[in-house]
Amino acid sequence: MAVMPRFHSTTPTPRLLRRLSSTSASTSAPPRCWDPSAALTAATERVRAGTLSPADAHHLFDELLQRPTPVPGPALNGFLAALARAPASAACRDSPSLAVSIFNRLCREASPHGHASPLTAHTYGILMRCCCRARRPGLGLAFFGRLLRTGLRTDGVDAYALIKCFCLAKRTDEAVSVLLHRLPELGRVPDALSYSVVLKVLCDDGRSQRALGLLQMMWKEGGGCAPNVVAYSTVIHGFCKEGKVSKACELFNEMVQQGVKPNVVTYTSVIDALCKARAMDKAESFLRHMVDNDVRPNNVTYKCIIQGYSSLGWWEEAVKIFRETTSRGLILDDVTRNSFVSSLCNHGRSKEAAEIAHQIIENGTTVSISTYGIILGELCRNDCTEEAIVLFHKLGAVDVKFDITIFNTMIDAMYRVRRREEANILFAAISANGLVPNASTYRIMITNLLKEGSMEEADHMFSSMETSGYAPSSVLLNDIIRMLLEKGEIVKDGNYLSKVDGKSISLEASTGLLMRHLFSTEGKYHEQIKSLPERYQFFGVRHS
C-alpha cells in the first residue's frame, strides 16, 4: 500500500509502549467487557479537555486494532474531528498532526481479522478540513486523491472541504471547475456554502465580475443553491473594494427585489464605499433605509459615516453622528475616536471635543485614557484651559485613572492660570496614584517655578530630577539659562553650567546671543562672569 501523506510522525517508540504497558493500569489487556465506542468517546472528551497525549492516543489504537471487532466508524469520526479542531495544549502541541498520524496508521494497519475498513468518505472529509485549518491545502488534496483510489462511494465527499482546499492553494479556476462540473460527476450537488467559498476567493482576487456571473448561476439553479445574504454580501463587498460603487448598489437593489434581506455587513459595505466616494447624501439614504428595515447600525457603520463627513470638513454632521453613536452605547475603536477628536481640535473645535468627552462620561461609556489625554491637551493648546480644568475635575469625580501625560498637561495648565497651589497638589498626587514623575514633569515644574521667580524651589526640583536618574536635556538647560539671564541671575547660571559642564549639551544660538548682550553691558557683569566655566566665557566677554 502507498505511503500516506503526513505532517510528521507522532507514533510512540516501542520502548515508550513497553514503559506505558508496565506502569499504567489503562495499558493492560482490555477486559472482555471493554467497549471500543465508549473508549473512543472517552478519548474524545479528553481531546476537548486538552488532556490526551499522543502516547495515550496511540496506545488506545493499539488496543482497538487488536480487537476481533472493527473500529467503530461513527465514534472514530467523532474522535478525529475533535483532534482536527483542538488547539495546542500541554498534553498535545499539535492535534491536527496527531489526527493525520492516526489516520495514516489506520490505513497501513489493516484489521488482522479481515473486517471492513472503518474509513469512509466522511472520514476523508474530516481530514481534508483538518488540513484546511492547518493551512496545508496540498495535503488535503492528496487525501482527496487517496479517496478516489480507494473505490469508496464519492457521493458523500465533503464538497466544502474540497473547494476550500483548492481555494487555499490559490487554484481558484480549478475550484470553479470542480464546483460546476466535478462535483456533479461525483454525485454531489454544490451547496450555498461551497459557492460562497469560491465567491469570496474570486472577490479577494479582484474578480468580482466573475463572481457576479457565478452568483447569477446560483439563482438559476435555485433550491439549496439559491444565493443567500452571505453570497450577495460577499460580491457587493467585492465591488466596493474595487471602487465599482454603482455595480454594488445595483446588486444591492437586485438582492432586495429577490427577497433576500440585507444584514448589517451588506449595508455597511455599501455605506463605506459611498463615503469613500464622497457621496454622503446617498450614504445617509442607505443609513435611513437600514434603520427603517430594522437592521441596527454597528460601530463600524457609524465609523464609516464619521470618517466620510470628516474628510469633507463637515464637522457639524460628523459631531452629530458621533453623538448618536455614543448615545446608542456603541464604542468606536481608539484609533477612530482619537483621530476624530484630534481633527476637531485641529480645526478650532476644541470645545465640541470637550462636549463629546462630557457626553462619554455621562453615558458611562468606557474609553481609552488616551482619548481624554488628547482632548485635555488640545484644550490647553487652544487657550481653553478653564474648560480643560472643568473636564479634568469631572473625570476625577468618576474615578478615571490618569496617566503621567495627563498629569503633566494639567500641572502646566494650572500654572498657566496662576493656580500654583493646585499644580503642587497635582505634582504630589502623581506618587499617590502609583506613578512617577518623568523628564517632562520635571521640565514643566522647573520652568514654571523659574517664571514665578521661585529660584530655590526650582533648584530643589532640579536636584530631585537628577536624583531620579533624569539628566537635563539641552532644551531644559537652554530654558533655564535664558530665564536666569533675563532675570540677571548670572551666578546661578554659572552654577547650572557647572553642573552639566563636560556633558554633551549644546547651547542654542538664541541663548548665546542673549549671553553676548548681557556680558557686553559696560562691564556690569564681569565679576559674575568670572564664576562661569571657562568654556562658556567666549560669549562676548570683554576684559578691561
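Leu477 counts as buried because its relative accessibility is 1%; buried here means under 20% relative accessible area, exposed over 50%, and partly exposed in between, with a 1.4 Å probe and protein chains only. This leucine lies in helix H26, residues 474–486. Helices (H or I, at least four residues) and strands (E, at least two) are DSSP runs, numbered from the N terminus. Leu477 and Tyr496 are 19 residues apart in sequence, and their C-alpha atoms are 8.0 Å apart in space.

Colleagues, a word on the basis of these values. This is a predicted model, in which local features need pLDDT of at least 70, side-chain atom pairs count only at pLDDT 80 or more, and totals for chains, interfaces and linings use all residues. Residues are numbered from 1 along each chain as its sequence is written, and side-chain values use heavy atoms, with hydrogens and water left out.

I turn to confidence. pLDDT is the predictor's confidence in each residue, from 0 to 100. The chain has a mean pLDDT of 82, with 82% of its residues at 70 or more. Over residues 1–29 pLDDT stays under 50, and the model has 48 contacts beyond four places in sequence for them; a contact means heavy atoms within 4.5 Å. Residues 537–544 also stay under 50, with 19 such contacts. Where pLDDT is low, the predicted coordinates should not be read in detail.

Next, the fold as a whole. The chain contains 29 helices and zero strands. Of its 544 residues, 48% are buried. Among contacts with a separation of 6 or more, 65% join residues 24 or more positions apart.

Which helices do the buried residues of H22 pack against? They pack against helix H20 (369–381), helix H21 (385–397), helix H23 (420–432) and helix H24 (439–451). Those buried residues include Ile404, Phe407, Met410, Ile411 and Met414. The 13 residues of H22 (residues 404–416) should span 18 Å at 1.5 Å a residue, and the end C-alpha atoms are 18 Å apart, which agrees; the expected span is 1.5 Å times one less than the number of residues. After H22 comes Arg418, with a positive phi near 60°.

Thr385, in helix H21, counts as buried because its relative accessibility is 7%. Leaving aside residues up to four places away in sequence, Thr385 touches Leu379, Cys380, Ala413, Arg416 and Val417.

Aromatic rings come next. The whole structure holds 11 aromatic pairs. The rings of Phe402 and Phe407 have centres 6.0 Å apart and planes at 85°, so this pair is edge-to-face. Rings of Phe, Tyr and Trp (its six-membered ring) pair if their centres lie within 6.5 Å; planes under 30 degrees apart count as stacked, over 60 as edge-to-face and the rest as tilted. Phe402 and Phe407 are both buried. Elsewhere, Phe103, Tyr124 and Phe143 form one aromatic cluster.

The axes of helix H18 (residues 334–346) and helix H19 (residues 350–363) come within 7 Å and cross at roughly 145°. Axes are lines fitted to C-alpha atoms, for helices over the stretch in contact, and angles run from 0 to 180 degrees between N-to-C directions. At this contact, Arg337, Phe340, Val341, Leu344 and Cys345 in H18 meet Ser350, Ala353, Ile356 and Ile360 in H19.
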